[in-house]
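Hi everyone, thanks for coming. Let me walk you through a structure that may be new to you.

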Amino acid sequence: MPVDGKLLEILCCPVSKTPLIRLPASRLKKLNEAISAGEVQYVKGDAVDQPLREALITEDSRVIYPVVDEIPILLEERGIGTTQLDNF
């Protein structure tokens, strides 16, 4: 089940305070392909080693945050910068 719509209305990036939206399925698929290829790192520098079932992205498309068991993980060090992804 995706993140509740009412909750999504109040969520924002913990760093930039930019509102968050659901990462569309097509972009999630592309992200997971890059994760499987070992090409994705969290902002902290650790490799993202598990595909994501759901994610949120800032409205300016700069940072992705994973959602685990319907809970958005809005920690700065768990953000995934999109500049590392080609044509994202």
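Predicted model: local features only at pLDDT ≥ 70, side-chain atom pairs only at ≥ 80, totals over all residues.

Residues are numbered from 1 along each chain as its sequence is written, and side-chain values use heavy atoms, with hydrogens and water left out.

So, how many salt bridges does a search of the whole structure find? There are two, a salt bridge being a side-chain nitrogen of Lys or Arg within 4 Å of a carboxyl oxygen of Asp or Glu. In one, Lys44 meets Asp46 at 3.8 Å, N to O. Lys44 is exposed at 59% relative accessible area, and Asp46 is partly exposed at 35%. (Exposed is over 50%, buried is under 20%, and partly exposed lies in between, with a 1.4 Å probe and protein chains only.) In the other, Asp60 pairs with Arg62 at 3.9 Å, N to O. Here Asp60 is partly exposed at 37%, and Arg62 is exposed at 58%.

Now the pocket. On a 1 Å grid over the protein atoms alone, a pocket is an open set of points where a 1.4 Å probe fits, with protein on both sides within 12 Å along at least five of seven lines; lining residues have an atom within 4 Å of a point. The largest pocket holds about 280 Å³ of space. Its lining has 13 residues, with Arg53, Glu54, Val67, Val68 and Asp69 nearest the centre.

Technical notes
Points joined across faces, edges and corners; volume = space filled by probe spheres on them.
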